[in-house]
Amino acid sequence: MAIQAIKGVKDILPADMPLWQHLEATARKLFEDYGFSEIRVPVFEYTELFARSIGVSTDIVEKEMYTFEDRDGRKITLRPEGTAGVVRAFVEHKMYAESQLTRLYYMGPMFRHERPQKGRYRQFYQIGVEALGLDHPHVDIEVLAMLHALFTRIGVGGLTLQINSLGDSECRGAYRDALKSYLKAKLPTLCGDCQRRYETNPLRVLDCKVDGDKFADSPIMLDYLCTPCKEHFETVEAGLRKLDIPFEINPRLVRGLDYYTRTTFELVMGHLGAQNTVAAGGRYDGLVREIGGPATGGIGFALGVERAISLMNSTNIARPCPALFLSALGAEAVAFALPILHDLRSAGIRVDTDYSGSSLKSQMKKADKSGADLTLIIGEQEIANGKAILRNMQTKEQSELLLATLKEDLKKRLLSA
Ligand code: ATP
Ligand code: MG
């Protein structure tokens with residue numbers, strides 16, 4: 001039997017690529033407009049980086065990581081998310097010494113051993129950003145504005161930006177205690193995960209995929225924020241209003257990763273079912289320090305590319321078609337056309353050909369299918385006359401081009417457009 005791809009991973013085939021490339025190109029342009037620079041970090045890191053930054057009692061670290069020992073006996077993990085590696089690089093290269101605010105973005109595959117289903121894969125792609133260096137609330141507004149702009153630019157509407165504040169080490173303790181006393185009575189009715197999290201990380205109980213909707217009357221962090229956290233949150237809210245960025249406050253929004261502080265957010269879609277979060281992120285003011293750097297503010301988000309793509313409408317996205325189909329009739333013409341093909345391509349003209357040497361009729365079918373606007377026809381007779389035929393595939397009009405000046409002629413027609 002033929003070998004198949006691993007369960008839960010997915011090939012992204014050429015037919016899907018125009019959407020992927022459109023999303024990636026739109027994100028790149030937008031992020032660069034906002035002053036973010038791309039960073040590429042390895043897809044694998046020492047396991048302890050993820051354990052320490054994401055948190056040992058999170059779903060990701062407890063049960064989703066692809067971890068193995070390499071041949072040197074070191075514990076290695078395929079990255080389940082991007083922030084830990086980016087922050088590790090930020091610290092390792094002392095990027096904090098270069099500027100007050102470092103704005104970075106990344107795109108690439110992430111790996112989590114989850115139960116595969118629609119919108120949930122074991123290798124999936126994220127596009128993410130991190131703004132490191134400041135804890136100023138305007139950075140939060142900038143990052144949220146950029147996330148909003150991205151979905152506007154790719155034409156995806158109907159998403160809701162939900163925000164919350166998770167407070168900081170000053171005020172979260174009191175909330176944690178209040179939440180624990182609230183949860184105590186319910187504990188026997190909750191799932192095993194919740195019972196465990198009650199001890200290790202009670203805020204995460206609110207995020208439970210099984211019991212998450214049982215806590216509508218729980219205490220909320222917003223009632224426990226210390227003055228600086230409260231002011232921070234109010235500035236973010238006011239800024240979003242000023243910029244006309246629609247949002248909702250979801251006072252029970254928590255995130256699956258431990259490093260978040262203060263502003264936390266998700267971009268959710270009504271109809272994606274259980275996989276309804278398209279992008280998520282928040283502030284993580286303790287993380288850089290945790291990874292061995294100086295006390296440094298930070299905020300970022302990551303969007304799930306597969307989920308974003310599933311919301312995009314492909315109709316307005318141009319597929320890259322060849323500009324020209326080269327139709328060589330017969331073996332002699334195929335040989336004759338080889339340097340012509342090479343010349344045109346090296347001049348930057350997108351040319352397709354099939355080397356078949358088959359009949360004009362069958363090649364016109366292929367030319368049509370290729371989507372090329374023009375077909376260049378070269379047969380024995382054309383070689384003898386020193387002229388090729390150029391056919392407009394739409395109007396079916398044909399004209400003759402001198403082989404001697406072919407490259408210049410075609411460059412003029414195709415590259416000026
Ligand atoms: P979920 O609650 O859906 O499990 P999460 O909180 O684990 O999401 P994050 O770690 O915040 O997700 O990742 C950010 C985004 O990456 C998610 O909002 C989602 O769009 C995407 N994502 C996360 N896990 C997967 C996966 N296994 N397959 C595809 N996309 C994913
Ligand atoms: Mg998850």
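Begin by selecting Phe90, which counts as buried because its relative accessibility is 0%; buried means under 20% relative accessible area, exposed over 50% and partly exposed in between, with a 1.4 Å probe and protein chains only. The model is predicted, so that local features need pLDDT of at least 70 and side-chain atom pairs count only at pLDDT 80 or more, while totals for chains, interfaces and linings use all residues. Residues are numbered from 1 along each chain as its sequence is written, chains are lettered from A and ligands numbered from 1 in the order in which they are written, and side-chain values use heavy atoms, without hydrogens and water.

**Aromatic pairs**

Five aromatic pairs occur in the structure; rings of Phe, Tyr and Trp (its six-membered ring) pair if their centres lie within 6.5 Å, and planes under 30 degrees apart count as stacked, over 60 as edge-to-face and the rest as tilted. Phe90 and Tyr96 form an edge-to-face pair, with 5.8 Å from centre to centre and 65° between the planes.

Next, select Tyr175 and Tyr224, whose ring centres are 5.6 Å apart with planes at 55°, so this pair is tilted. Tyr175 belongs to helix α6 (residues 172–186), and Tyr224 to the loop between α7 (192–200) and α8 (227–242), so the pair links distant parts of the chain, 49 residues apart. Helices (H or I, at least four residues) and strands (E, at least two) are DSSP runs, numbered from the N terminus. Tyr175 is buried at 1% relative accessibility, whereas Tyr224 is partly exposed at 32%.

Then display Phe31, Tyr105 and Phe301, which form one aromatic cluster.

**Ligand 1**

Move to ligand 1, which is surrounded by 17 residues, each with a heavy atom within 4 Å of it. The closest are Arg112, Glu114, Arg120, Tyr121 and Arg255. Select β6 (123–133), β10 (277–283) and β11 (297–304): each supplies at least two residues of the shell, and β10 gives the largest share, four residues.

Now show the oxygen atoms of ligand 1. A polar side-chain atom of Gln126 lies 3.0 Å from one oxygen atom, and a polar backbone atom of Thr277 is also 3.0 Å from an oxygen atom of the ligand. At Gly304, a backbone N or O atom lies 3.4 Å from a ligand oxygen atom.

Technical notes
A polar contact is a pair of N or O atoms within 3.5 Å; within protein, one must be able to donate a hydrogen and the other to accept it, and residues adjacent in sequence count only if both atoms are side-chain atoms.
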